[in-house]
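Please examine the sequence and the three-dimensional structure shown below.

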Amino acid sequence: MAKVKTTFFCQNCGTQYAKWQGQCNACKEWNTIVEEVVQKPEKSDWKTPSSKTNKRVSKPLRVNEIDASKEARLNSLDNEFNRVLGGGIVPGSLTLLGGEPGIGKSTLLLQISLKLPYKTLYVSGEESQKQIKMRAERINPVNDTCYILTETKTQNIFKQIESLEPDIVIIDSIQTLHSDYIESSSGSISQIKECTTELIKFAKETNTPVILIGHITKDGNIAGPKILEHMVDTVLHFEGDRNHVFRILRAQKNRFGSTHELGIYEMQGSGLREVSNPSEILISKKDEALSGNAIAATLEGVRPLMIEVQALVSTAVYGTPQRSATGFNAKRLNMLLAVLEKRAGFRLGAKDVFLNITGGINVDDPAIDLAVVAAILSSNEDEALQSDFCFAAEVGLSGEIRPVQRVEQRILEAEKLGFSTIFVSKYNKISLKDTAIKIQLISKIEDLVDLIII
């Protein structure tokens, strides 16, 4: 029997201490340091058939000797999931998926595992096989390649993996697993690190992709030590409001692709539906023109989106005017209001201004500045903009309309969706000819006022 050793860990950030103290020196949180019993007997490493035959010793290679051919990815048959991952599931990768409770993480991965043509092992430590079967019946009742295992002990999981030899392993969730090599409760810092290390070793040695579901804290971060996010190859976040049907999948970290991609789903009774045209959910359907609405052409990764910006300008009821923004940077809103007051002469200092990006998404693309200004002007004057106008430009502090990247892609997306006019910067280099959409070039904010305010 190995000697029992106790250490102290911060449950918020994972910092280790030799003795207990009230405040964590790393994250400055109080009463988060707890004692954990760590006992590591000698490991009898699990062996899979592939790990026995694929044992090799790495040796240094010259840069020009390294094989740079692109590794084949596994197609998940889910276009949104493939896009966020960068083209598919990379063999031997470890992916961590986090999100609010009840947002649909388990549904998403179960749905993908039921679609996959590969042998898939879905390991659940939170639900019984009957519960998962009931959900699977709603999503895809016919599947011969998905295996369900309810287990929380990693040693038992690896025994089943050795006999089944799956192509993909899904763990729901990493906080429920525990290893015999660590004598602390499931979900503790030590258990999460140990279980993740074992799964990484398995994934890299057998070239089998592993997808983990992770709980999140009340702050929206992945629960457990921050090192967990450093250990895995990809960190995905599943976002949305449980009271609405739309869900957004984002990549916070991706060693095999871009972190700017976005996947959009609609929650239905039969599972999650891929939304191939996001503009259908981001632009409201209205019977009549309303003031304070403007359409912006933005980009998420390489994907153009048309989003609706809503603004409400009203007389301040209290002494200090309110400035509120949902889905948009509040400091940038204050900057645009100052530009409007200084450069265009609009007195907004004594008025409340509320701004909302529809669809529940957060946008940090500076190209929506012009749409924000147009929506504020429309609400202030109580005059509706034409419904077939859209905007794509950045606004500078001196009131100049600045160019944005990949403007031609934005113009073509607006043309495809039937917009008649798009307002862009005069300083953008545009080579498009004979477009059905009118490209309105403007150089300063006063030009916009003259064109949209009658």
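Helices (H or I, at least four residues) and strands (E, at least two) are taken as DSSP runs and numbered from the N terminus. The model is a predicted one, in which local features need pLDDT of at least 70 and side-chain atom pairs count only at pLDDT 80 or more, while totals for chains, interfaces and linings use all residues. Residues are numbered from 1 along each chain as its sequence is written, and side-chain values use heavy atoms, with hydrogens and water left out.

As a general rule, most residues other than glycine have a negative phi, and most peptide bonds are trans. The peptide bond from Asp172 to Ser173, however, is cis, with omega near 5 degrees. Ser173 belongs to the loop between strand E7 (168-172) and H6.

Asp382, a residue other than glycine, has a positive phi near 55 degrees; Asp382 is placed in the loop between helix H10 (369-381) and E17. With 35% relative accessibility, Arg406 counts as partly exposed.

Attention now turns to a pair of strands. Two strands pair if DSSP finds at least two bridges between them. Strand E5 (residues 120-124) and strand E6 (residues 146-150) run parallel and are joined by five bridges.

The aromatic rings come next. A pair of aromatic rings is described by the distance of the centres and the angle of the planes. Rings of Phe, Tyr and Trp (its six-membered ring) pair if their centres lie within 6.5 Å; planes under 30 degrees apart count as stacked, over 60 as edge-to-face and the rest as tilted. The count by this rule comes to four aromatic pairs. The ring centres of Phe158 and Phe202 are 5.8 Å apart and the planes stand at 50 degrees, so this pair is tilted. Because Phe158 lies in helix H5 (residues 154-164) and Phe202 in helix H6 (residues 189-206), the pair ties together parts that are 44 residues apart in sequence. Phe158 and Phe202 are both buried. Another pair, Phe389 with Phe423, is edge-to-face, at 5.3 Å centre to centre and 70 degrees between the planes. This pair links distant parts of the chain, with Phe389 in strand E17 (residues 389-392) and Phe423 in strand E20 (residues 421-425), 34 residues apart. Phe389 is buried at a relative accessible area of 13%, and Phe423 counts as buried at 2%. Ring pairs join Phe389, Phe391 and Phe423 into a cluster.

The last topic is the space inside the model. On a 1 Å grid over the protein atoms alone, a cavity is a set of points where a 1.4 Å probe fits but cannot get out, and a pocket is an open set with protein on both sides within 12 Å along at least five of seven lines; lining residues have an atom within 4 Å of a point. Grid points are joined across faces, edges and corners, and a volume is the space filled by probe spheres set on the points. The largest pocket holds about 840 Å³ of space. Its lining comprises 28 residues, of which Ile248, Arg250, Glu300, Ile361 and Asn362 are the closest to the centre. E10 contributes six residues, the most of any element. Ile248 lies in strand E10 and is buried, with a relative accessible area of 7%.

The whole structure has one cavity of 30 Å³ or more, and the largest cavity has a volume of about 50 Å³. Among the residues that line the largest cavity are Arg73, Thr234 and Phe256.

How values were computed
Buried means under 20% relative accessible area, exposed over 50%, partly exposed in between (1.4 Å probe, protein chains only).
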